[in-house]
Amino acid sequence: MSPTWQRAIVVGASSGIGEAIARRLAALGTRVALVARREAELSRVAGEIAKAGGKAEVFVHDVADFDATSALFDRIVATLGGLDLLVYAAGVMPAVEESEWAFTKDRQMIEVNLLGAMAWCNPAGARFEAARGGTIVGISSIAGERGRRGAPAYGASKAGLTSYLESLRNRLGRYGVSVTTVKPGFVDTAMTKGKPGLFWLVSPDRVAARALGWAGRGCTGGFVPARWGLVAFILKLIPSFVFRRLNF
Ligand SMILES: NC(=O)c1ccc[n+]([C@@H]2O[C@H](COP(=O)([O-])OP(=O)(O)OC[C@H]3O[C@@H](n4cnc5c(N)ncnc54)[C@H](OP(=O)(O)O)[C@@H]3O)[C@@H](O)[C@H]2O)c1
């Protein structure tokens, strides 16, 4: 049986959710291009995939190097012999104190979490539109649902990503292209390591399984675990004058 996707790019595949998605894809028989900055981690993932009988290639890239994206995208597509799926899982969430006003961190979050997604989804969207088919998966977050005082730029980057992916879905749906938005709560990865107050923590593999399950069925996506959907619904009902008093 042939896999749902023959060829895939996973941006942010060197750890966490992206790594788990790449591993699952390779186990399904998909040939995977692994993209991120840390070459040693990418090689580790590629080596483990190869050992398990899968196919993965390493492409070292900083998603904030926007001028390099288009040429790298073309090189990867040529190497894979086409493209069926783009997964954008790259993201950063540096610690930001409530009394901190650090533009450098804000900029990094917008560049990596949002602009990088646009830089990769543009060539993929154009290719899939012309091909009349393809799948895009973006890893957004529950953090994009309301503007919490604890995470202004991270929340804005994820709200922007969620909105951007919805627009892509509406733009590309009529060409047979599906766009899936995955909104996890807390996931047990390097990003949350040592952070206080975590609850409903799920494994990156659980997020990967949900993401690929939804994408395989051409679904819009959703929250992981699903109960975050109820939280998001309630959060959106809270008026601003009450929400600003909440301590998170
Ligand atoms: N962990 C959570 O609780 C949680 C919850 C909701 C949403 N998310 C989202 O899930 C996604 C994956 O995060 P994770 O939890 O799996 O954390 P992670 O293990 O830290 O993975 C982040 C990935 O992004 C890549 N990345 C970061 N900056 C990059 C850059 N400049 N260029 C290229 N790649 C870059 C990293 O690779 P390199 O460092 O090798 O470049 C790594 O592969 C993120 O978008 C995050 O916002 C996470």
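A residue is called buried when its relative accessible area is under 20%, exposed when this area is over 50%, and partly exposed in between, with a 1.4 Å probe and only the protein chains taken into account. The model is a predicted one, in which local features need pLDDT of at least 70 and side-chain atom pairs count only at pLDDT 80 or more, whereas totals for chains, interfaces and linings use all residues. Residues are numbered from 1 along each chain as its sequence is written, and side-chain values use heavy atoms, with hydrogens and water left out.

The structure holds 13 salt bridges, a salt bridge being a side-chain nitrogen of Lys or Arg within 4 Å of a carboxyl oxygen of Asp or Glu. Helices are DSSP runs of H or I with at least four residues, and strands are runs of E with at least two, numbered from the N terminus. In helix H1 (residues 16-28), Glu-19 and Arg-23 lie four residues apart, about one turn of the helix, and they form a salt bridge whose closest N and O atoms are 2.8 Å apart. Glu-19 is buried, with a relative accessible area of 11%, while Arg-23 is partly exposed at 29%. Arg-23 also forms a salt bridge with Glu-48, the closest N and O atoms being 2.2 Å apart; this pair links distant parts of the chain, since Glu-48 belongs to helix H2 (residues 39-51) and stands 25 residues from Arg-23. Glu-48 is partly exposed, with a relative accessible area of 34%.

Within helix H2, Arg-44 and Glu-41 are three residues, or about one helical turn, apart. Salt bridges that share partners join Glu-19, Arg-23, Glu-41, Arg-44 and Glu-48 into one network.

The largest nonpolar core has 37 residues, and those with the most contacts inside it include Ile-9, Trp-120 and Leu-168. Such a core is a set of buried Ala, Val, Leu, Ile, Met, Phe, Trp, Tyr and Cys residues joined through side-chain atoms within 4.5 Å. Among the elements that each supply at least two residues of this core are strand S1 (7-11), helix H3 (66-80) and helix H4 (103-131), and the largest share, eight residues, comes from H4.

On the surface, Leu-230, Phe-233, Ile-234 and Leu-237 form a nonpolar patch, with about 450 Å² of accessible area together. Patches consist of residues with over 30% relative accessible area and no salt bridge, nonpolar side chains (Val, Leu, Ile, Met, Phe, Trp, Tyr) being joined within 5 Å and like charges within 9 Å. Ile-234 lies in helix H7 (residues 227-237) and is partly exposed, with a relative accessible area of 45%.

Notes:
Accessible areas come from the Shrake-Rupley method with a 1.4 Å probe; for residues, only the protein chains shown count as cover.
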